[in-house]
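Colleague: I would like to learn how to read a structure feature by feature, and I would be glad if you gave me the general idea before each case.

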Amino acid sequence: MQKMNNPTSSQPKNNAQTKVNLPYFDFLLAAFSAGNDALASSFGRHVHWGYWPEPKQATLTAEDFAQATEALSQQICSAAFIHDGMSVLDVGCGFGGTVAHINENYTAMQLVGLNLDERQLQRARTTVNAMPSNQVEFKQGNACALPFADHSFDVVLAVECIFHFPDRAQFFKEAYRVLKPNGYLALSDFLPNTRQVPLMALKLPGWSFYGQCNLNCDIKDYRQLAEKTQFAITAERDITCHTLPTYSYLRRLALQQKVTLKRAAIETLAIEVLSRLNWVNYYILALQK
Ligand SMILES: C[S@@+](CC[C@H](N)C(=O)[O-])C[C@H]1O[C@@H](n2cnc3c(N)ncnc32)[C@H](O)[C@@H]1O
């Protein structure tokens, strides 16, 4: 991996969006500070939907959910062909869960987690300790103006975060730029079923628990983005059915914790209904430079 402080001239100026407006992270951080162990054990490491290998056998315990979250990180690592000795950038790294997963399962790794939100990075820095043969760094920055030199990484990951980025095309360009030749970009995202794109473009007015989300990029749009950026798509996996138990888990957790946030309940239910109707699908995508 090249030195982080030695950007090349093709690195864009970091003049894109730098403000974080994600009420769900404000909620989680406040709950962790208040000592809410149940929320910290469910979302203190990964903040994503998880992957339930056998959805019908889901027991919906906290341990089961924790395994599901590790399993999603593993699925995405496999899609990117991650192996020992690689340099990996995890963009939109949250509290560092995927970096922690790689750190615990691979050796001789150079790992960088990037996030817009310094508060999340502070938690990542205190909870993720590099294994003896690995290097781990957490850095503040914007997915659409990556603060790294060209050809810095073997793999770039974006786990369940690309819908927050101001511009998917700009992120693709940036991921392509910082990847070494033949490197992989792997990501997970909620894709509208092609016929439902106009519906997903509708914006609800006012405050939103999940903040600014753009869910109107379907599989055809992704194929076009890949072509424009010169990525070759190597995996397109619809894993929606492996995410569905999470909705029941979240309902159970909200009841146990007496969480009464109406917008959170409405927005989560909306994603659940759209997913069950097959109008929105949860995908893992992998692309090679
Ligand atoms: C749903 S969370 C996923 C976190 C993490 N990938 C995980 O799986 O636990 C979305 C993340 O994207 C980050 N994010 C949103 N916009 C970003 C941007 N423009 N640049 C970098 N990170 C961003 C948020 O701060 C948050 O950590």
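This is a predicted model: local features need pLDDT of at least 70, side-chain atom pairs count only at pLDDT 80 or more; totals for chains, interfaces and linings use all residues.

Modeller: Let us start with the elements, where helices (H or I, at least four residues) and strands (E, at least two) are DSSP runs, numbered from the N terminus. Residues are numbered from 1 along each chain as its sequence is written, and side-chain values use heavy atoms, with hydrogens and water left out.

Colleague: What is the phi of Q230 near, and is Q230 buried or exposed?

Modeller: Phi of Q230 is near 75°, which is a positive value in a residue other than glycine. For the second part you need the classes: buried means under 20% relative accessible area, exposed over 50%, and partly exposed in between, with a 1.4 Å probe and protein chains only. Q230 is exposed, because its relative accessible area is 58%. L60 also has a positive phi, near 60°, and is likewise a residue other than glycine. L60 lies in the loop between α2 (37-43) and α3 (62-79), and with a relative accessible area of 16% L60 is buried.

Colleague: How many salt bridges does the count come to?

Modeller: Side chains of opposite charge can pair when their charged atoms come close. The rule used here asks for a side-chain nitrogen of Lys or Arg within 4 Å of a carboxyl oxygen of Asp or Glu, and by this rule the count comes to 13 salt bridges. One of them joins R168 and D189, whose closest N and O atoms are 2.9 Å apart. This pair links distant parts of the chain, since R168 is in helix α6 (residues 168-178) and D189 in strand β5 (residues 179-192), 21 residues apart. Both R168 and D189 are buried.

Colleague: Which residue forms a salt bridge with R263, and where do the two lie?

Modeller: R263 pairs with E267, the closest N and O atoms being 3.3 Å apart. Both lie in helix α10 (residues 262-276), four residues apart, which is about one turn of the helix. R263 is partly exposed at a relative accessible area of 26%, whereas E267 is buried at 11%. Salt bridges can also be linked in a network, as they are for D26, D117 and R119.

Colleague: How many disulfides are there by the rule?

Modeller: A disulfide is a pair of cysteine sulfur atoms within 2.5 Å, and by this rule the count comes to zero. Among the cysteines, C77 is buried, with a relative accessible area of 0%, while C213 counts as partly exposed at 29%.

Colleague: Finally, which residues are the closest to the ligand?

Modeller: A residue is near a molecule if one of its heavy atoms lies within 4 Å of it. Here 21 residues surround the ligand, and the closest are V47, G92, N115, Q120 and V159. A polar contact is a pair of N or O atoms within 3.5 Å. An oxygen atom of the ligand lies 2.7 Å from a polar backbone atom of V47, and a nitrogen atom of the ligand lies 2.8 Å from a polar backbone atom of V159. Taken alone the ligand exposes 590 Å², of which the protein buries 98%, the areas coming from the Shrake-Rupley method with a 1.4 Å probe.

How values were computed: A polar contact is a pair of N or O atoms within 3.5 Å; within protein, one must be able to donate a hydrogen and the other to accept it, and residues adjacent in sequence count only if both atoms are side-chain atoms.
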